[in-house]
Amino acid sequence: MLYRKTPGSFATILTLVAVCLGVFNAPHALAQDASCASLTGRTIAWTGYSARIVSAAPVADGAAGAGIPAHCEISGIMHERKGQFGQSYAIRFHMRLPENWNARMVFQGGGGSNGDVGDALGRVSSAGPVALALGYAVISQDSGHDNATNSDPAHNGALAFGFDPQARADYGHASLKAAAEAAKAVLRTVYGREPKYSYFVGCSKGGQEGMVFAQLYPDMFDGIIASAPGFALPRAAVAEAWDTQAFASLAGPRESLKIADLAKTFSTTDFDLVRGVILEACDGSDGLQDGMVASIWTCTDARVLSGLQALVCTAAKTDACLMAGQVAVLRRVMAGAMTSGGAPIYSGWFWPSSINTPDWRIWKIGSADGQVPPLNVLLGGPALASAFTSPPTALGAPDALLAYRLNFDFDRDTKKIYTTTDLFPRSAWTDVGARSTDLSAFKARGGRLIVPHGESDPVFSLKDTLDWFDTLNQEVGGHAADFVRVFPVPGMCHCGGGTATDRYDMFSALVAWVEQGRAPDTVIAAAGPNTPWPGRTRPLCAYPRSAKYIGGDPESASSFECAA
């Protein structure tokens with residue numbers, strides 16, 4: 001998530017936030033026997049486990065960035081071991097503990113394949129200060145492998161951890177509980193008490209981690225933000241291969257295909273045409289034609305495909321029409337990955353109103369100039385081969401990434417995400433999937449979960465997230481909103497970007513829900529400077545409601561209401 005500085009002094013901001021949310025407490029200083037520098041080299045123990053503090057150093061006010069208060073910066077390590085190929089593995093974590101602590105903790109989620117301890121600043125929103133600046137203690141972690149030392153060219157580079165059963169389990173779930181427990185043990189040592197409230201914030205893989213905590217380790221956190229959750233990562237990785245094969249069908253003979261050829265399958269102008277059709281079919285359903293599709297679920301295949309069919313070239317291809325093959329490929333992609341018998345492998349997709357933006361196309365087919373390969377191939381290929389299938393597959397040279405995607409068999413190879421072997425007694429789906437709707441323990445302990453997700457996310461489908469929520473809601477008798485709120489974000493791509501109002505503060509809404517019992521129905525979002533309408537505001541509405549225009553300034557959120 002992006003960090004945007006909020007005007008005004010830090011002291012003023014902290015006071016206003018504390019008063020408005022009703023969470024003001026006298027700040028907690030470091031315990032007398034736990035000065036920052038004295039922590040270096042210490043072993044922190046808790047029930048059955050321990051962690052070693054590698055370094056601890058005081059950081060002066062402002063030294064880590066404007067608005068960042070004085071704090072103790074800690075690096076720790078635990079679960080050190082030798083891996084499958086003799087490599088040294090461990091779970092490494094990074095913490096920042098403010099001198100004036102608000103008795104609260106934020107666990108900062110990871111992203112991608114992790115392997116980096118993160119900055120532990122706590123970027124909790126796209127529209128406000130980081131958590132450390134608000135007085136929270138913050139932890140981030142590497143999920144049990146280090147990109148600097150565990151990368152192996154013979155085993156798909158930074159994804160080599162997928163060849164080690166324990167490293168894969170740590171990546172999927174096991175490191176999360178260990179790191180959270182270590183963080184709380186450090187807080188007890190440093191401040192002499194447990195945090196009053198604990199929060200988790202993450203997007204993408206970080207969103208998957210939030211779901212893991214809610215499902216497997218429900219006692220760890222009072223509130224969780226799981227944005228664009230990759231809770232079906234192995235299935236989504238298969239869907240990326242599906243999309244790659246679909247777009248590749250337009251790029252020429254498979255045997256001579258290069259990664260850069262995928263970018264040529266749709267020009268920027270082609271995608272502009274597709275966006276135009278989507279807006280023509282769906283934009284006005286919220287009562288205002290404003291370049292946004294707020295009523296996402298009314299944007300059906302039938303409405304969009306009818307418009308696309310009308311744009312099919314009747315003669316040679318021009319900038320004013322689409323080839324029939326292009327329309328067929330889009331239809332195939334949006335329907336979602338499936339077996340030869342038509343059984344779904346992964347969800348279908350909402351028609352992305354930001355399909356013409358770099359934030360969407362770079363995942364599916366790469367940058368328009370061909371200089372940046374499609375991330376579905378560059379990142380998704382080795383992830384599927386290493387971490388999401390058993391046994392893992394070594395791919396070798398970069399060209400092999402595309403070949404692996406193109407040769408993936410959806411009947412034969414999809415089964416590998418559920419397969420166990422002697423070396424991998426747990427399947428990739430067991431280790432990394434987190435799509436369970438059993439949140440009973442999390443609900444019982446009073447946990448609260450917020451799930452923002454972009455309508456134009458090209459990586460994880462909003463349809464899949466809403467299907468998960470609908471199933472959960474049915475299982476709890478229509479009362480899922482008592483402890484879970486999903487906020488679709490029209491036009492937003494993966495964790496941000498797109499033609500969207502993608503600047504918002506879900507964290508304040510979560511804190512108010514957890515600590516004051518104020519469930520969020522609406523969160524105000526603003527458009528950034530790279531959109532057609534900088535500064536435009538819109539209400540983000542808790543599903544299944546969406547924003548409806550009620551009259552007034554079309555650029556202001558106050559002219560909309562959340563309605564069924």
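Predicted model: local features only at pLDDT ≥ 70, side-chain atom pairs only at ≥ 80, totals over all residues.
Residues are numbered from 1 along each chain as its sequence is written, and side-chain values use heavy atoms, with hydrogens and water left out.

**The Cys-203 to Cys-495 link**

- The sulfurs of Cys-203 and Cys-495 sit 2.0 Å apart in their disulfide.
- This pair links distant parts of the chain, 292 residues apart: Cys-203 is in strand E7 (residues 197-203), and Cys-495 is in the loop between strand E10 (484-489) and strand E11 (503-504). (Helices, H or I with at least four residues, and strands, E with at least two, are DSSP runs numbered from the N terminus.)
- Cys-203 counts as buried at 12% relative accessibility, whereas Cys-495 is partly exposed, with a relative accessible area of 25%. (Buried means under 20% relative accessible area, exposed means over 50%, and partly exposed is in between, using a 1.4 Å probe and protein chains only.)

**The Cys-36 to Cys-72 link**

- Cys-36 and Cys-72 are joined by a disulfide with an S to S distance of 2.1 Å.
- With a torsion of about 80 degrees about its S-S bond, the Cys-36 and Cys-72 disulfide is right-handed.
- Cys-36 lies in the loop between helix H1 (10-21) and strand E1 (43-46) and Cys-72 lies in strand E3 (residues 71-82), so the pair ties together parts that are 36 residues apart in sequence.
- Cys-36 is buried at 7% relative accessibility, and Cys-72 is buried with a relative accessible area of 2%.

**The Cys-282 to Cys-299 link**

- Another disulfide joins Cys-282 to Cys-299, at 2.0 Å from S to S.
- The torsion about the Cys-282 and Cys-299 S-S bond is about 75 degrees, so this disulfide is right-handed.
- Cys-282 is in helix H6 (residues 268-282) and Cys-299 is in the loop between H6 and helix H7 (301-309), so the pair ties together parts that are 17 residues apart in sequence.
- Cys-282 is buried, with 0% relative accessible area, and Cys-299 is buried, with 6%.

- Searching the whole structure turns up 5 disulfides.
- Counting bonded cysteines along the chain, the pattern is 1-2, 3-8, 4-5, 6-7, 9-10.
- Cys-493 has its closest cysteine sulfur in Cys-495, but at 11 Å that is too far for a bond.
- Cys-493 is buried, with a relative accessible area of 0%.

**Ser-125**

- Ser-125 sits in the loop between strand E5 (104-108) and strand E6 (137-141).
- Ser-125 counts as buried, at 3% relative accessibility.

**Helix H4**

- Helix H4 (residues 205-216) has 12 residues and should span 16 Å at 1.5 Å a residue, which agrees with its end C-alpha atoms being 16 Å apart. (The expected span is 1.5 Å times one less than the number of residues in the helix.)
- H4 is mostly covered, with 11 of its 12 residues buried.
- The buried residues of H4 include Lys-205, Glu-209, Met-211 and Phe-213.

Methods: Disulfide = S-S within 2.5 Å.
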